[in-house]
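Work through the exercises below with the sequence and the model at hand. Each task is followed by a worked solution.

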Amino acid sequence: MSAQKVPPLTYKIIAECSVSKARAGIMSLCHSDVETPVFMPVGTTGTLKGVLPDQLVDLDCKILLSNTYHLGLRPGIDILEKAGGLHKFMAWPRALLTDSGGFQMVSLLKLAEIDENGVNFRSPFDNTECMLTPEHSIQIQNVIGADIIMQLDDVVKTTTTGPRVEEAMHRTIRWVDRCSEAHSRDQEQSLFPIVQGGLDPELRKQCVAGLLERPVRGYAVGGLSGGESKDDFWRTVNICTDLLPKDKPRYLMGVGFAADLVVCVALGIDMFDCVFPTRTARFGCALVISGQLNLKQKKYSLDMRPIDEECECSTCKTYTRSYLHHIVTVEPVACSLLTVHNISFQLSLMRQMRSAIEKNEFPKFVQEFMIKHFGNDPIPKWITEAMAAVNIKLLEDKDLMSENDLTLRN
């Protein structure tokens, strides 16, 4: 009798918050075991600007995101195929996830035309035309060889209303079938469908119901973090996690602000990605528990402390705020140093949440995080309402916080 093949993705929940929808798990992929909740740094074209793969390994990063549309244009599938896939091409030994190119329907809308067949893009590099169909998106992703690949979805701007939103939702369901049929490496790569439907709860419910009929190993929630109100944002996430199965990973696309990550983990999301921590590093900003330090500001010129005295990254162990102040946005190495720190911050935040969930102390973690993050400013109403929806009470009078306040009160 032949041995049964292990699927390319298995997901095991190892702990659940007894109060909220937060959970900690292990997602086993061909190239890595990935602990969730997880933040995935974005290397759009197979690289994080200014950071080497070895540095990401040192930060214990287990999974990166790259973009199908951009890799398909440059270097192109012929070169990637000759290289043996993106893992070998970029010398990255751990897991990869590729976005399908659907987001570019919004970000490059002026260069794109959309119909049932697919998306006709005009290259931003040389103005040549490129038709990205569901089949072609999967063909590119099969060559790239990422552990998790995304269906091509019909993406509309988040704040769009009217029949176009419903059209995009139904088309997304139809396209996942075309993607599945074109997928030639199912024993090595796992295809995730994407929940669409804009900010309309009923359309989101219809989309989830349609996707649940398809045999897949995980789900993504798309079409958010694009200009909608935070109130609409969290309510849409909450609806989706209520409906998606518990035994499969849930990926919220394009979300990376620290407070958003904490809220959405409480709402039951497992995976995140965003360009924010790397992009903000290029503008001289370092992430800390209270938000950001704009190291271009003169007040840091004589500050001999590290960015974060509790951070274990190589930047904080070696360099001062003063040194970084004098080189940010001037010397290319500053981008590398701040990117290392910002990625370390994001990964550390996820580790802290996993630990809190495993200890069944997640509500306490959320309460303490929000107090540190917002300081003397009031916690935004949308956050308090989102947390109340999953039974986490945030303190209104932070000055009167006591040990009793850090225990959930029903």
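This is a predicted model: local features need pLDDT of at least 70, side-chain atom pairs count only at pLDDT 80 or more; totals for chains, interfaces and linings use all residues.

## Exercise 1: Lys21 and Asp242

Task: find which elements hold Lys21 and Asp242, and how many residues apart in sequence the tied parts are.

Solution. 
- Step 1. A salt bridge joins the side chains of Lys21 and Asp242, at 2.8 Å from N to O.
- Step 2. Exposed means over 50% relative accessible area. Asp242 has 53% relative accessibility and so counts as exposed.
- Step 3. For the whole structure, the search finds 25 salt bridges.

## Exercise 2: Arg171 and its network

Task: is Arg171 buried or exposed, and which residues are linked with Arg171 in a network of salt bridges?

Solution. 
- Step 1. Arg171 forms a salt bridge with Glu116, and the closest N and O atoms are 2.9 Å apart.
- Step 2. Arg171 lies in helix α7, and Glu116 in the loop between β7 (112-114) and β8 (119-122), so this pair ties together parts that are 55 residues apart in sequence.
- Step 3. With 7% relative accessibility, Arg171 counts as buried. Glu116, with a relative accessible area of 31%, is partly exposed.
- Step 4. The network of salt bridges links Glu116, Asp154, Arg164, Glu167, Arg171 and Arg174.

## Exercise 3: How α6 meets α7

Task: describe how the axes of α6 and α7 cross, and say which residues make the contact.

Solution. 
- Step 1. Helix α6 covers residues 134-144 and helix α7 residues 163-182; their axes come within 8 Å and cross at roughly 45°.
- Step 2. The two helices are therefore oblique to each other.
- Step 3. The crossing of α6 past α7 is right-handed.
- Step 4. On the α6 side the contact is made by Pro134, Glu135, Ile138 and Asn142, and on the α7 side by Trp175, Arg178, Cys179 and Ala182.
- Step 5. Sorted by class, this contact has five nonpolar, one polar and two charged residues.

## Exercise 4: Burial of two helices

Task: how many residues of α6 are buried, and how many of α10?

Solution. 
- Step 1. In α6, eight of the 11 residues are buried, so α6 is largely enclosed by the rest of the structure.
- Step 2. The buried residues of α6 are Pro134, Ser137, Ile138, Ile140, Gln141, Asn142, Val143 and Ile144.
- Step 3. Gly145, which follows α6, has a positive phi, near 85°.
- Step 4. In helix α10 (residues 258-266), nine of the nine residues are buried, so α10 is largely enclosed by the rest of the structure. Among them are Asp260, Leu261 and Cys264.
- Step 5. Gly268 follows α10, and its phi is positive, near 105°.

Terms used
Residues are numbered from 1 along each chain as its sequence is written. Side-chain values use heavy atoms; hydrogens and water are left out. Axes are lines fitted to C-alpha atoms, for helices over the stretch in contact, and angles run from 0 to 180 degrees between N-to-C directions. Helices (H or I, at least four residues) and strands (E, at least two) are DSSP runs, numbered from the N terminus. Angles under 35 degrees count as roughly parallel, over 145 as roughly antiparallel, 65 to 115 as roughly perpendicular and the rest as oblique. A crossing is left-handed if the near helix is turned anticlockwise from the far one by less than a right angle, and right-handed if clockwise. Contact means heavy atoms within 4.5 Å. Ala, Val, Leu, Ile, Met, Phe, Trp, Tyr, Cys and Pro count as nonpolar, Asp, Glu, Lys and Arg as charged, and the others, Gly among them, as polar. Buried means under 20% relative accessible area, exposed over 50%, partly exposed in between (1.4 Å probe, protein chains only). A salt bridge is a side-chain nitrogen of Lys or Arg within 4 Å of a carboxyl oxygen of Asp or Glu.
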